[in-house]
Amino acid sequence: MVEPTGGARAARSSTGAPQRTTPLRAEGPRWSLAYRSSAIVLVLAAFVLLLRMTDQERNGPAHAEFSIGRGIPGTLYLPVDADEDGDFPEPLPKGQRPPVVVMAHGYSADRASMSGLARSLATAGYAVLSIDLRGHGANTHPFRGDLRDDFSSAVRWASTSPYVDGSRLAVLGHSMGAGAALDFATLDDRPLAAVPVSGGWVVNDAVVPAHTLFLVGSGDPDRIRENQDALKATLEAAGGDVSLHEIDGANHITILRDDDTVARVVSFLDPILEPAAAESRGDRPAGLVDPRMRTAALYLLVVVGLVALLGSAMGQVLPAPASPARTAGDQRPVWAG
């Protein structure tokens with residue numbers, strides 16, 4: 001008898017007669033031209049957006065990293081545009097140096113999370129010193145609840161820096177950093193103003209800040225608003241100039257990227273620290289200035305699209321798991337996997 005040749009042998013019944021079998025699965029189709037073209041376009045788009053983000057990171061307000069005190073990582077932003085070579089500008093003479101805001105992030109974050117707000121304040125005429133608190137970001141010191149040493153080191157550095165006017169200084173913090181900023185501002189009289197954003201837990205009896213602005217998002221937890229209300233009442237009773245504003249539509253995270261947050265901080269600080277840019281800005285409200293955010297959002301969309309495309313293509317190319325062969329007379333059900 002001649003045996004079948006080529007593919008799988010035909011199944012035989014108990015009597016030896018050949019029986020028809022169901023094929024396992026035909027070979028999956030290769031990538032179509034549309035898949036290949038779409039993948040190339042998305043990869044090129046991701047590459048272009050990465051280059052754009054790198055350029056936007058380097059440009060904008062002039063900024064450079066410094067090691068402060070006993071190894072506290074900090075980034076100093078100045079209210080001048082970065083030059084084409086990325087060189088940090090030379091210090092200005094006394095009397096021309098900008099006021100400075102010492103800025104701190106929240107728990108489990110770092111100074112990069114504050115960079116959009118820092119860049120926006122620099123665009124509005126302020127120097128900003130943003131630091132990594134201990135146990136966060138690039139700060140290798142072990143974390144502990146008392147962050148006064150970090151703030152003290154940052155304020156001391158800013159007070160003596162040739163790049164800024166340390167006599168016109170404010171402190172600003174978000175969440176955990178807000179509590180640390182307010183704690184420091186009620187112990188040390190060097191800050192002329194304090195801005196706790198979505199945070200603050202205690203005030204000390206040593207110093208009453210001359211000016212305090214509490215900011216809270218409408219989507220912040222109730223306990224944050226309740227704490228700020230109590231702290232506001234305490235500072236007002238001690239004779240401080242205190243205000244509280246709710247950022248509508250913002251939550252605990254998005255409050256850092258809200259135009260109204262920037263506008264409120266700038267309008268609060270302008271009459272206190274008197275930056276040179278305040279006169280030229282006039283009545284125009286300040287806002288968030290960070291083109292990196294839009295580029296990063298586009299890049300994320302491209303990456304998601306590329307992952308979805310690759311997943312769909314792999315589903316077309318890779319074979320499905322093999323199913324047992326069935327003879328024509330086999331009536332047992334085969335369950336779909």
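**Ring pairs and a helix crossing**

Colleague: Let's start with Tyr163: buried or exposed?

Modeller: Tyr163 counts as buried, with a relative accessibility of 18%. Because the cut-off for buried is under 20%, that value falls on the buried side. Keep in mind that this is a predicted model.

Colleague: Okay! And what about Phe66, what is its relative accessible area?

Modeller: For Phe66 the value is 23%, so this residue is partly exposed.

Colleague: How many aromatic pairs does the structure hold?

Modeller: There are six aromatic pairs in the structure. One of them joins Phe66 and Tyr163. Their ring centres are 6.1 Å apart and the planes make an angle of 55°, which is a tilted arrangement.

Colleague: Where do those two sit in the chain?

Modeller: Phe66 belongs to strand β3, residues 61-68, while Tyr163 is in the loop between α3 (148-160) and β7 (165-174). The two parts are 97 residues apart in sequence, so the pair ties them together.

Colleague: Which residues are in the ring cluster?

Modeller: Phe66, Phe88, Trp157 and Tyr163 are linked into a cluster by ring pairs.

Colleague: New topic: Phe151, buried or exposed?

Modeller: Phe151 is buried, at 0% relative accessibility. Phe184 is buried too, with a relative accessible area of 4%. Phe151 and Phe184 form a stacked aromatic pair, with centres 5.9 Å apart and 20° between the planes. This pair links distant parts of the chain, since Phe151 is in helix α3 and Phe184 in helix α4 (residues 176-185), 33 residues apart.

Colleague: At what angle do α3 and α4 pack?

Modeller: The angle is about 70°, and the axes are 9 Å apart. That makes the two helices, α3 and α4, roughly perpendicular, because angles of 65 to 115 degrees count that way. Their crossing is right-handed.

Colleague: Which residues of α3 and α4 meet there?

Modeller: On the α3 side you'll find Arg148, Phe151, Ser152 and Val155. They meet Gly177, Ala180, Ala181, Asp183 and Phe184 of α4. By type, the residues of this contact are five nonpolar, two polar and two charged.

Colleague: Zooming out, how many helices and strands does the protein chain have?

Modeller: The protein chain has eight helices and 10 strands.

Colleague: And what share of the residues is buried?

Modeller: Buried residues account for 40% of the 337 residues in the protein chain. As for contacts between residues at least 6 apart in sequence, 65% of them join residues at least 24 apart.

Technical notes. Residues are numbered from 1 along each chain as its sequence is written. This is a predicted model: local features need pLDDT of at least 70, side-chain atom pairs count only at pLDDT 80 or more; totals for chains, interfaces and linings use all residues. Side-chain values use heavy atoms; hydrogens and water are left out. Rings of Phe, Tyr and Trp (its six-membered ring) pair if their centres lie within 6.5 Å; planes under 30 degrees apart count as stacked, over 60 as edge-to-face and the rest as tilted. Helices (H or I, at least four residues) and strands (E, at least two) are DSSP runs, numbered from the N terminus. Buried means under 20% relative accessible area, exposed over 50%, partly exposed in between (1.4 Å probe, protein chains only). Axes are lines fitted to C-alpha atoms, for helices over the stretch in contact, and angles run from 0 to 180 degrees between N-to-C directions. Angles under 35 degrees count as roughly parallel, over 145 as roughly antiparallel, 65 to 115 as roughly perpendicular and the rest as oblique. A crossing is left-handed if the near helix is turned anticlockwise from the far one by less than a right angle, and right-handed if clockwise. Contact means heavy atoms within 4.5 Å. Ala, Val, Leu, Ile, Met, Phe, Trp, Tyr, Cys and Pro count as nonpolar, Asp, Glu, Lys and Arg as charged, and the others, Gly among them, as polar.
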